[in-house]
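Please open the structure in your viewer and keep the selection tool at hand. The stops below say what to select next and what is there.

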Amino acid sequence: MGKVFVFDHPLIQHKLTYIRDKSTGTKEFRELVDEISTLMAFEITRELPLQEIDVETPVQVAKSNVLAGKKLGIVPILRAGIGMVDGVLKLIPAAKVGHIGLYRDPETLQPVEYYFKMPSDVSERELIVVDPMLATGGSAIEAVNSLKKRGATKIKFMCIIAAPEGVEALQKAHPDVDIYIAALDEKLNEKGYIVPGLGDAGDRLFGTK
């Protein structure tokens, strides 16, 4: 079963309070999501492999470490996932970015893929799927399904706020995917919103409501 990591870093928790606040405007909300994504990226990259090289300091040659050239990819789920991409790229600017677009079928309520664009070497990359919210888990599960169909084998999922129902559903569907969360909330309400949550992340990021 994939591991679940809930980040308790004080800076993340502080910023979470303000993105939950309904009085936080679009500009501030967008900036906070960006900042939280950077802080989460710091944690999610903790286990990246290193290799030792020689570096010449002003004093002498020293042994030191650099990243071992692991290929990474960031995959936002459209549209809200876009708000997390720049925050992650600040720390790993060499990562490639793919996009998955999903919509919910009004009759079946199941997610349907309408857009998929990835780096050509997707099967060789460790992919970080990003979406601010993990509610029912439907979109996350379908996004991982789409990646696996194209040959991806190393996938992590990163979100800001999750409901227990979504975490359980994603773990059940994809037990090989580790889940990284800034806050694990109480539950889903009857409309499928996370409680207490922060409302609709896409609308708050892009000012569409």
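Begin by selecting Ile194, which sits in strand β13 (residues 194-195); strands are DSSP runs of E with at least two residues, numbered from the N terminus. This is a predicted model, in which local features need pLDDT of at least 70 and side-chain atom pairs count only at pLDDT 80 or more, while totals for chains, interfaces and linings use all residues. Residues are numbered from 1 along each chain as its sequence is written, and side-chain values use heavy atoms, with hydrogens and water left out.

Ile194 counts as buried because its relative accessibility is 7%, where buried means under 20% relative accessible area, exposed over 50%, and partly exposed in between (1.4 Å probe, protein chains only). Now show its contacts (heavy atoms within 4.5 Å): leaving aside residues up to four places away in sequence, Ile194 touches several residues, including Met133, Ile161, Asp185 and Leu188.

Next, select Asp200, in the loop between β13 and α6 (201-206). With a relative accessible area of 30%, Asp200 is partly exposed, and, not counting residues up to four places away in sequence, Asp200 touches Arg79 and Tyr193.

Finally, move to Val6 in strand β1 (residues 4-6), which counts as partly exposed because its relative accessibility is 42%.

Technical notes: Helices (H or I, at least four residues) and strands (E, at least two) are DSSP runs, numbered from the N terminus.
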